[in-house]
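Subject: Structure for your review

Dear colleague,

Please find below the structure that I am handing over to you. My findings follow directly after it.

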Amino acid sequence: MLVSPSTLLVAVRTINNLWRYEYQSQNARLIADKASRMYDKMRLFVDDMQGLGQSLDKAQINYRLAMNKLTEGRGNLISQAEGFRKLGVEVKRSIDPELANKANQPSCAND
């Protein structure tokens, strides 16, 4: 391209703008690619967190069921074990008194 001294500055600015737009376009593509990968990683993380929450809920339900067998209803395990202690079986250390009291209270539910 032939340029005169009067148009040289305009031509240089035009070329500079073209390069700047090209760099911006490349950066926009890189940003879009990184955003897409980050979104996919976030989706996998959310799926994992939901699975973990469901597992924790299930573990809590199972914990409550096990504790009920331990402390609730006639013939629960703690009251049976405490019954042995009351009969004179020697123990090294007593069960937590709070749990033992809870287990020995009469239950309203039918067994």
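I begin with Asn 76, which is buried, because its relative accessible area is 2% and the limit for buried is under 20%. Please bear in mind that this is a predicted model. The mean pLDDT of the protein is 88, and 94% of its residues reach 70 or more. Among the elements, α1 has the highest mean pLDDT, at 94, while helix α3 (residues 97-104) has the lowest, at 85.

**Surroundings of Asn 76**

Asn 76 is placed in the loop between α1 and α2 (77-86). Its side chain has a polar atom 2.9 Å from the backbone oxygen of Gly 73. The side chain of Asn 76 also reaches the backbone oxygen of Ala 103, again at 2.9 Å. When neighbours within four places in sequence are left aside, the residues in contact with Asn 76 are Lys 69, Leu 70, Thr 71 and Ala 103.

One of these contacts, Leu 70, belongs to helix α1. Leu 70 has a relative accessible area of 27% and is therefore partly exposed. If residues up to four places away in sequence are not counted, Leu 70 touches Asn 76, Leu 77 and Ile 78. Between the C-alpha atoms of Leu 70 and Leu 99 there are 9.1 Å in space, although the two are 29 residues apart in sequence.

**Helices α2 and α3**

How do the axes of α2 and α3 cross, and which residues meet? The two axes come within 9 Å and cross at roughly 105 degrees. Because angles of 65 to 115 degrees count as roughly perpendicular, α2 and α3 are roughly perpendicular to each other. On the α2 side, Ile 78, Ser 79, Glu 82 and Lys 86 take part; they meet Leu 99, Ala 100, Ala 103 and Asn 104 of α3.

**The aromatic pair**

The structure holds one aromatic pair. The rings of Trp 19 and Tyr 23 have centres 6.2 Å apart and planes at 35 degrees, so the pair is tilted. Trp 19 and Tyr 23 are four residues apart in helix α1 (residues 5-71), which means that about one helical turn separates them. Tyr 23 counts as partly exposed, because its relative accessibility is 49%.

Yours sincerely

How values were computed
Residues are numbered from 1 along each chain as its sequence is written. This is a predicted model: local features need pLDDT of at least 70, side-chain atom pairs count only at pLDDT 80 or more; totals for chains, interfaces and linings use all residues. Side-chain values use heavy atoms; hydrogens and water are left out. Rings of Phe, Tyr and Trp (its six-membered ring) pair if their centres lie within 6.5 Å; planes under 30 degrees apart count as stacked, over 60 as edge-to-face and the rest as tilted. Helices (H or I, at least four residues) and strands (E, at least two) are DSSP runs, numbered from the N terminus. Buried means under 20% relative accessible area, exposed over 50%, partly exposed in between (1.4 Å probe, protein chains only). pLDDT is the predictor's confidence in each residue, from 0 to 100. A polar contact is a pair of N or O atoms within 3.5 Å; within protein, one must be able to donate a hydrogen and the other to accept it, and residues adjacent in sequence count only if both atoms are side-chain atoms. Contact means heavy atoms within 4.5 Å. Axes are lines fitted to C-alpha atoms, for helices over the stretch in contact, and angles run from 0 to 180 degrees between N-to-C directions. Angles under 35 degrees count as roughly parallel, over 145 as roughly antiparallel, 65 to 115 as roughly perpendicular and the rest as oblique.
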